[in-house]
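Hi,

Here is the structure I promised to pass on. Have a look at it first, and my notes follow below.

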Amino acid sequence: PLSLHDALPICYVRNLDAGTVECVVQGAPAAVQSMIVWLRLGPPGTQVDRCVVTEIPVTAKLGSFRIR
C-alpha cells in the first residue's frame with residue numbers, strides 16, 4: 001500500500017471540527033490522482049465515510065509535506 005509520502009510529498013493536512021480532515025495537495029496530475037486514491041482508502045485503522053475533492057487555483061507553491 002502507498003504511504004502518504006509515496007503518494008505525494010507536497011501537501012498539508014489538518015484536522016478540522018467534527019472529525020473531518022482537510023488535505024491540500026499540489027503536483028503533477030498523476031501524483032495528485034494517486035493521493036486522492038490513497039485518501040479515499042485512508043491509512044490502516046481508519047474509516048473514511050466520504051471524500052470530497054475540489055480543484056482550486058494554485059496561488060503559491062507549497063514546500064514539503066507538513067501537518068498543521
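Starting with the pocket: β2 (21-25) and α2 (29-41) each give at least two residues to the lining of the largest pocket. Helices here are DSSP runs of H or I with at least four residues, strands are runs of E with at least two, and both are numbered from the N terminus. Before you read on, note that this is a predicted model: local features need pLDDT of at least 70, side-chain atom pairs count only at pLDDT 80 or more, and totals for chains, interfaces and linings use all residues. Residues are numbered from 1 along each chain as its sequence is written, and side-chain values use heavy atoms, with hydrogens and water left out.

The protein has 2 helices and 3 strands, in the order α-β-β-α-β along the sequence. Of its 68 residues, 18% count as buried (under 20% relative accessible area; exposed is over 50% and partly exposed is in between, with a 1.4 Å probe and protein chains only).

Back to the largest pocket, whose volume is about 1400 Å³. Of the 40 residues lining it, Glu22, Cys23, Val24, Leu39 and Val52 are the closest to its centre. (A pocket is an open set of points on a 1 Å grid over the protein atoms alone, where a 1.4 Å probe fits, with protein on both sides within 12 Å along at least five of seven lines; lining residues have an atom within 4 Å of a point. The volume is the space filled by probe spheres set on the points, which are joined across faces, edges and corners.) α2 provides the largest share of the lining, 6 residues.

As for α2 itself, its 13 residues should span 18 Å at 1.5 Å a residue, and the end C-alpha atoms agree with that at 19 Å apart (the expected span is 1.5 Å times one less than the number of residues). Met35, Ile36 and Trp38 are buried in α2. They sit on the same side of α2 because they cover an arc of only 165° around the axis, taken from the directions from the helix axis to the C-beta atoms. Pro29, Ala30 and Leu41 are exposed on the face turned away from the buried side of α2. Just after α2, Gly42 has a positive phi of about 80°.

Last, the cysteines. There are 0 disulfides, counting pairs of cysteine sulfur atoms within 2.5 Å. Cys51 is in none, as the nearest cysteine sulfur, that of Cys23, is 8.7 Å away. Cys51 is partly exposed, with a relative accessible area of 24%.

Cheers
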